[in-house]
Amino acid sequence: MSQLGDLYQELILDHSKRPRNFGRLAGANRMAEGFNRMCGDKITIFVEVEGDIVKDVHFEGSGCAISTASASLLTGAVKGKTRAEAETLFENFHNLVTGAPTPGVDFGKLAVFAGVSEYPARVKCASLAWHTLHSALAAEAPEAEPVSTE
Ligand code: ZN
């Protein structure tokens, strides 16, 4: 069990030191900012939504290792998903970190955050990026869709 714990810790350290999809996203048409006062984590999520598909996700910000690693793994997990799939993943992730994982769900790399449920103060760190993504997806597009002239 401790070996598995070490492996998980390594994955979190790796993603916090070398976050994937970090930086602004040129084609983003959704954006939201998240702030976790308890820890001081700040995250901005950029999403490019095309039709119903989350085409790409990037993030910027500064925070603790858990919040950064969570945001990094989020970008890989939701890219290419439909908005509904991304929202379901958000719910499942929330259940995972609050200690009530949805039965039968394969969390893949996100399973690394299961241990967070034992540290209530860290739950907000792990879920910040997901709440921010949720806000970004719920936001209206900044520019209206082009209206067909036909
Ligand atoms: Zn934090």
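Residues are numbered from 1 along each chain as its sequence is written, and side-chain values use heavy atoms, with hydrogens and water left out. Because the model is predicted, local features need pLDDT of at least 70 and side-chain atom pairs count only at pLDDT 80 or more, while totals for chains, interfaces and linings use all residues.

The zinc ion is coordinated by Cys-39 (SG), Asp-41 (OD), Asp-41 (OD), Cys-64 (SG) and Cys-125 (SG). The distances run from 2.2 to 2.7 Å. Donors are N, O and S atoms within 2.8 Å of the metal (3.2 Å for Na, K and Ca); water is not among the atoms, so sites may look incomplete. Along the chain, the donor spacing is C-x1-D-x22-C-x60-C. Cys-64 sits in the loop between β3 and α2, and Cys-125 in helix α4, so this pair ties together parts that are 61 residues apart in sequence. Helices (H or I, at least four residues) and strands (E, at least two) are DSSP runs, numbered from the N terminus. Cys-64 is buried at a relative accessible area of 16%. Cys-125 is also buried, at 1%. Buried means under 20% relative accessible area, exposed over 50%, and partly exposed in between (1.4 Å probe, protein chains only). The whole structure contains 0 disulfides, a disulfide being a pair of cysteine sulfur atoms within 2.5 Å.

Helix α4 covers residues 120–138. At 1.5 Å a residue, its 19 residues should span 27 Å; the expected span is 1.5 Å times one less than the number of residues. The end C-alpha atoms are 26 Å apart, which agrees. A kink of about 45° is centred on Ser-127. The bend at a residue is the angle between axes fitted to the seven residues ending there and the seven starting there. Ser-127 is buried, and the buried residues of α4 also include Cys-125, Leu-128 and Trp-130. The buried residues of α4 pack against β1 (30–36), β2 (41–50), β3 (53–62), α2 (65–78) and α3 (83–97). Contact means heavy atoms within 4.5 Å.

Asn-36 lies in strand β1. Asn-36 is buried, at 4% relative accessible area. Not counting residues up to four places away in sequence, Asn-36 touches Asp-41, Lys-124, Cys-125 and Leu-128. Two of these contacts, Asp-41 and Cys-125, are zinc ligands. Asn-21 is found in the loop between α1 (2–17) and β1. Asn-21 has a positive phi of about 55°, although it is not a glycine. At 26% relative accessibility, Asn-21 is partly exposed.
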